[in-house]
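Open the model in your viewer and get ready to select residues by number. We will go stop by stop.

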Amino acid sequence: MSYKQVIITEFGGPEVLEVVHEPILPEPQANEVRIKVQATSACFTDTMVRKGVYYDLKEKPPFPPGYDMVGVVDKIGPHVATLKVGQTVADLTVSGAYTEYICRAADSLVPVPDGLDPAEAVSLVLSYVTAYQMLHRTAKVQPGQTILIQGAGGAVGTALIELGALHELEMIGTASKSKHELVESLGCLPIDYQNEDFLDRVGQGTVDAAFDAVDMDNFKRSFKTLKKGGTFVAYGFYNNAMGKGGSVPLDYLRVKLWDVLPNGRSSTFYSIGAMRKKYPDWFREDLTALFDLLAQGKIKPAIERRMKLEEAAEAHKLVEQAAVKGRIVLLVGDQ
Ligand SMILES: NC(=O)c1ccc[n+]([C@@H]2O[C@H](COP(=O)([O-])OP(=O)(O)OC[C@H]3O[C@@H](n4cnc5c(N)ncnc54)[C@H](OP(=O)(O)O)[C@@H]3O)[C@@H](O)[C@H]2O)c1
């Protein structure tokens, strides 16, 4: 039986994404299962993988990108006793999820409770785990505290707001004007960073934690908003990935250096991959907690568009134009 994938033919713009037909389904090896994928994402990180600028990338084209996925177990490989055919599962694949069928190690999969919408469930795997771990594992925020969210109208930004609201945080966030209605509706005070100086609006020494993935210039100014005892969490280099300069290794070291200087504040870099590697149980625990929140109706990911996997190139274009409020989910197969 043949199946469809979207592959990166060579590193480059959205046009390098191509729909291909593979002639034979992949076979699960020992300790693996095969999954019929239902949903994956078009996230900013996927565009970095496509351009070949993602730091943790081992593959060379051609290969399918796709950082996260939700799907149904379709075939069990030898020695797998923990999963059964028909069970819904999720994984942070980093690459490979732009496909109708994928084989994954059984122990990397997290069960998805019955009855969840696959598009909402997949939204939790990268963006919400990132937001959840930054809030609760890294910054360890407390109810009543104030946080600053840069890029508040994006996939991670809206996840930070939803989870921050659940934890009774006061929130202020930067976003372009078109995203203000969404940001405000989720419970965060928006700042139009393109027309106002966010540091003037927020003020120096006013927030307990700041979350920023823009660039070094932004990091410096976000850091100034922290109260004594506050925590700065950098988690990406958006402008660098968009070809707007900056040195990722140097900027990473600067963030680390601020943590040891005698300034009364802490500063760290969060990476979902590094945290999963160091604490694999946390990833499973935190994603399971998020699935529970979704099942209880306590969170509802802001999905602006649901597109077909075959429309991945168009979806990547929209993400890189920052034209997406919240996120785009790619539906796979007959979803
Ligand atoms: N470290 C990790 O483990 C991890 C995990 C997930 C994502 N990330 C990184 O986090 C970043 C965000 O990811 P995402 O999926 O949320 O991307 P996204 O959905 O594209 O959101 C990014 C948002 O930033 C806004 N933005 C752009 N320039 C800005 C600026 N100068 N100031 C404030 N906002 C600005 C954009 O919209 P407007 O300009 O229209 O407001 C956009 O809404 C990316 O760099 C990604 O690689 C890191």
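This tour visits the domains, the ligand and then a sheet. Keep in mind that the model is predicted.

**Stop 1: two domains.** Select 3–112 together with 303–331 and colour them as domain 1. Now look where they touch: domain 1 and domain 2 each put 11 residues into the contact. On the domain 1 side, seven of these are nonpolar, one is polar and three are charged.

**Stop 2: the ligand.** Where does the ligand lie relative to domain 1 and domain 2? Both domains give residues to the shell around the ligand, so the ligand lies between them. Show the 31 residues around the ligand, then pick out the ones that come nearest: Phe44, Gly151, Gly154, Ser176 and Gly236. Colour the shell by class and you get 17 nonpolar residues, 13 polar and one charged.

**Stop 3: the sheet.** Switch to a cartoon view. Follow the six strands of an open sheet in the order E10-E9-E8-E11-E12-E13; their pairing is parallel. Which strands stand at the edges? Select strand E10 (189–192) and strand E13 (266–269). Each has a single partner strand, so one side of each has no neighbour in the sheet. Neighbouring strands are turned by 15 degrees against each other on average, direction ignored.

**Last stop: one pair.** Zoom in on strand E12 (residues 226–234) beside E13, where four bridges join them in the parallel sense. Finish at Ala234, whose bridge partner in E13 is Phe269.

Terms used: Residues numbered from 1 in each chain as written. Predicted model: local features only at pLDDT ≥ 70, side-chain atom pairs only at ≥ 80, totals over all residues. Domains from an automatic or database assignment. Contact = placed C-beta atoms within 7 Å. Nonpolar A, V, L, I, M, F, W, Y, C, P; charged D, E, K, R; others polar. Near = placed C-beta within 6 Å. Pairing = 2+ DSSP bridges. Helix = DSSP H or I, 4+ residues; strand = E, 2+ residues; numbered from the N terminus. Axes fitted to C-alpha atoms, helices over the stretch in contact; angles between N-to-C directions.
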